[in-house]
Amino acid sequence: DTCVALLPAAGSGSRMAAQQPKQYLPLAGRPLIWHTLQALHAVPELSRIAVVLAPDDREWDHYDWSGFHRLTVLRVGGETRAATVRNGLRALWPDYLPGEPDAAVPPRPSERIAVRLAVQCDATPGPLRPTAGAPWVLVHDAARPCLDPALVSAMIATLRHDAVGGILALPVADTLKAAAHGTRIAHTHPRDGLWQAQTPQMFRLDVLAGALEATLGPEITDEASALERLGLSPALVHGSPWNLKVTYPQDLQLAELILAARAR
Ligand code: C5P
């Protein structure tokens with residue numbers, strides 16, 4: 001089945017406290033997102049890589065992207081990450097997923113989506129069954145530039161026959177404290193069975209789109225959480241500590257070290 005990567009890159013990167021959105025911050029002499037695209041282009045299973053920019057993005061055109069032959073650029077980013085991904089899916093598969101991309105986040109009753117999905121998902125009753133043959137979509141943060149292409153290939157091999165799909169993730173290594181009154185410890189949270197979510201997150205188009213049509217709130221900080229809301233249980237596939245997300249300024253330095261170590 002077809003595998004397509006979708007890169008939400010419409011965030012403003014407010015935690016970075018920089019002038020530029022973080023996907024364009026310089027990293028090893030290139031914009032950060034260049035490295036992310038480079039990694040995805042090195043994954044032979046991916047037939048297309050779609051990047052979703054904010055409609056008012058003014059940086060993308062400053063760079064030369066002609067070396068990336070499987071790239072599609074969509075300027076339909078939304079208010080939240082989930083809205084950006086939903087808009088990107090609609091723009092890529094307009095026949096499959098009709099509707100206008102919108103920047104606002106309309107509340108949608110989940111009953112409606114249950115009906116829509118039942119119609120889309122062949123003859124099998126039940127709203128949450130993926131259509132065999134529907135494309136796999138791998139959603140990957142533009143802000144994770146140190147992704148190892150071999151890890152993506154391994155993930156695709158692991159999940160190709162999974163009924164739900166899944167995500168890269170790592171078991172939590174640190175002891176976890178819940179805070180009270182800002183910076184006092186209330187209690188220690190058991191870390192057993194806790195994982196940190198990474199990306200890519202890999203799901204069948206119809207299930208992912210259905211989950212994002214049903215819920216787009218700010219609490220949906222990754223694709224898996226939208227599926228969880230519908231009662232699905234995505235798989236956890238071992239990721240890598242190198243696959244860090246650039247969120248704070250010091251993450252850029254770490255990313256630079258990782259890329260340099262890999263180039264050696
Ligand atoms: O803010 P955070 O680090 O969680 O963002 C993760 C990814 O989601 C980034 O690649 C960012 O550009 C993207 N995003 C987006 N549209 C938004 C918010 C975030 O594409 N409205």
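The shell around the ligand comprises six nonpolar, seven polar and four charged residues; here Ala, Val, Leu, Ile, Met, Phe, Trp, Tyr, Cys and Pro count as nonpolar, Asp, Glu, Lys and Arg as charged, and the others, Gly among them, as polar. The structure is a predicted model, in which local features need pLDDT of at least 70, side-chain atom pairs count only at pLDDT 80 or more, and totals for chains, interfaces and linings use all residues. Residues are numbered from 1 along each chain as its sequence is written.

In total, 17 residues surround the ligand, and the closest are P8, A10, G11, T84 and A142; a residue is near a molecule if its C-beta atom, placed from the backbone, lies within 6 Å of it. Strand 1 (3-9) and helix 2 (81-92) each contribute at least two residues to this shell. Helices (H or I, at least four residues) and strands (E, at least two) are DSSP runs, numbered from the N terminus.

Strand 6 (residues 136-139) and strand 10 are antiparallel over four bridges, and W136 stands opposite R204 in strand 10. Contact requires C-beta atoms, placed from the backbone, within 7 Å; axes are lines fitted to C-alpha atoms, for helices over the stretch in contact, and angles run from 0 to 180 degrees between N-to-C directions.

Strand 10 (residues 195-204) also contains P200, which is joined to T199 by a cis peptide bond with omega of about 5 degrees.

The largest nonpolar core has 67 residues, and V52, V137 and L208 have the most contacts inside it. Such a core is a set of buried Ala, Val, Leu, Ile, Met, Phe, Trp, Tyr and Cys residues joined through C-beta atoms within 7 Å. Helix 5 (residues 205-214) gives the most to this core, with seven residues. Not counting residues up to four places away in sequence, L208 touches L89, V137, F203 and E223.

H181, in the loop between strand 8 (176-180) and strand 9 (184-189), has a positive phi of about 50 degrees although it is not a glycine. With 7 C-beta neighbours inside 10 Å, H181 counts as exposed; a residue is buried with 20 or more other C-beta atoms within 10 Å of its own, exposed with 12 or fewer, and partly exposed in between, C-beta atoms being placed from the backbone.

Note on methods. Two residues are in contact if their C-beta atoms, placed from the backbone, lie within 7 Å. Two strands pair if DSSP finds at least two bridges between them.
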